[in-house]
Amino acid sequence: MPDISLAMIALLCLAALAAGWIDAVVGGGGLLLLPALLLGLPVSTPAAYALGTNKAVAIVGTTGAAVTYARKAPVDVRTAVRIGLAALAGSSAGAFFAAGMSTEVLKPVIMVVLLGVAAFVILRPAFGTAPAPGPVTPRRILAAIGLAGLGIGFYDGLIGPGTGTFLVLALTAVLHLDLVTASATAKIVNCCTNAGALAMFAWQGTVLWQLAALMAVFNLAGGTLGAHTALKKGSGFVRVVLLTVVFTLVAKLAWEQWLA
C-alpha cells in the first residue's frame, strides 16, 4: 500500500462512488475512476497498479448493479452470459495484440465512430425507448455475440475507454432492447470481462487490495444507486446520460490525441 493522504483517499472514494453511478446507468465509469487512480497514486507507482486496482474496484460496483438490474429488469441472463464469455475471449485477444499496436492510430477512428453514434441517437429520438415486439431471434443473438462480445471485447483489451457505452449501444441496436434493459445486460457482460482482467492483474500482483476494498464499498453504493435511478427514470433519462458520456469520451480522446 503506497503512502496516500487521508484527503486523497477520501477523493478517490468519492470518485469511486460517482464512477459506480455512471457505469450502472450507461457505462463509462472507467472514464472517471481510472484517471482518478492515476492522479491519486504516488508518481512512483507503476501504472499497472492503477489498472489492477481499477478492475478490483469496478467489478464490485458492476456486480452490484447487475444484481439490482436482474431483479427488476427483464434481462435474459443466459444470453448476457453467452455474450460475456465471448467478450472475455475477445478481450484476451485484444490484450495480446495491444503490445504490438499503436492505439494513437485508432483513437481518431474511435472519435469519428462515437460522433456518428451521437448523431444517430440525437436524430433518432425513439432509439432505445422501447423494446421490439416479439422474441429475439437466434440470428440476432449470434450477431450480438459477435459484435458486443468478440468485437467490443477485443476493443476492451486493445484500448478500453467507453467499453460499457459501446456495449449499451450495440445491445440496443442488435437485440432491439430498450436502453434500460441494454444497460442491465451490459453490466452482466462487464462482470465477465472484469473478472478475467482482474484474475490476470491479481496473478501479476498489481492490485492494491486494501485501497481497492475501501473504494469498492463506495463503488458498490454508486452502482446500486445508479441501477435504481435508471430503473426509476427510464430510457429517456438513460439517453441523456448516454449522450453526455459519449461527448465526454470524445473530448477525452481528443485531448489525449492532440493536446496532452
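Mentor: Residues are numbered from 1 along each chain as its sequence is written, and side-chain values use heavy atoms, with hydrogens and water left out. Because the model is predicted, local features need a pLDDT of at least 70 and side-chain atom pairs count only at pLDDT 80 or more, whereas totals for chains, interfaces and linings use all residues.

Trainee: What is the average pLDDT of the protein, and where is confidence lowest and highest?

Mentor: The pLDDT, which is the predictor's confidence in each residue on a scale from 0 to 100, averages 83 over the protein, and 90% of the residues score at least 70. Confidence is lowest in helix 5 (residues 103-123), with a mean of 72, and highest in helix 9 (residues 209-233), at 93; helices here are DSSP runs of H or I with at least four residues, numbered from the N terminus. Where pLDDT is low, the predicted coordinates should not be read in detail.

Trainee: Why is threonine 62 called buried?

Mentor: Buried means under 20% relative accessible area, exposed means over 50%, and partly exposed lies in between (1.4 Å probe, protein chains only). Threonine 62 has a relative accessible area of 2%, so it is buried. This residue lies in helix 3, which spans residues 47-72, and, leaving aside neighbours within four places in sequence, threonine 62 is in contact (heavy atoms within 4.5 Å) with Asp23, Lys187, Asn190, Cys191, Asn194 and Asn219. Threonine 62 and cysteine 191 are 129 residues apart in sequence, yet 6.2 Å apart in space, C-alpha to C-alpha.

Trainee: Why do asparagine 54 and serine 91 count as buried?

Mentor: Asparagine 54 has 10% relative accessibility and therefore counts as buried, while serine 91, with a relative accessible area of 14%, is therefore buried as well. Asparagine 54 lies in helix 3 and, apart from neighbours within four places in sequence, is in contact with Leu33, Leu34 and Leu37. Serine 91 is found in helix 4 (residues 77-98), and, not counting residues up to four places away in sequence, touches Gly153, Phe154, Asp156 and Gly157.

Trainee: Why does histidine 176 count as partly exposed?

Mentor: Its relative accessibility is 33%, so histidine 176 counts as partly exposed. The residue sits in the loop between helix 7 (163-175) and helix 8 (179-204), and its phi is near 55 degrees, a positive value in a residue other than glycine.

Trainee: What makes a set of residues a nonpolar core, and which residues have the most contacts inside the largest one?

Mentor: A nonpolar core is a set of buried Ala, Val, Leu, Ile, Met, Phe, Trp, Tyr and Cys residues joined through side-chain atoms within 4.5 Å. The largest has 52 residues, and those with the most contacts inside it are Val26, Ile83, Leu171 and Leu175. Helix 10 (residues 235-259) gives the most to this core, with nine residues. Apart from it lies another core, of 24 residues, among them Leu12, Ala19, Ala197 and Leu208.

Trainee: Which residues of helix 2 are buried, and which helices do they pack against?

Mentor: In helix 2 (residues 30-40), the buried residues are Leu31, Leu33, Ala36, Leu37 and Gly40. These buried residues pack against helix 1 (6-26), helix 3, helix 9 and helix 10.

Conventions. Helix = DSSP H or I, 4+ residues; strand = E, 2+ residues; numbered from the N terminus.
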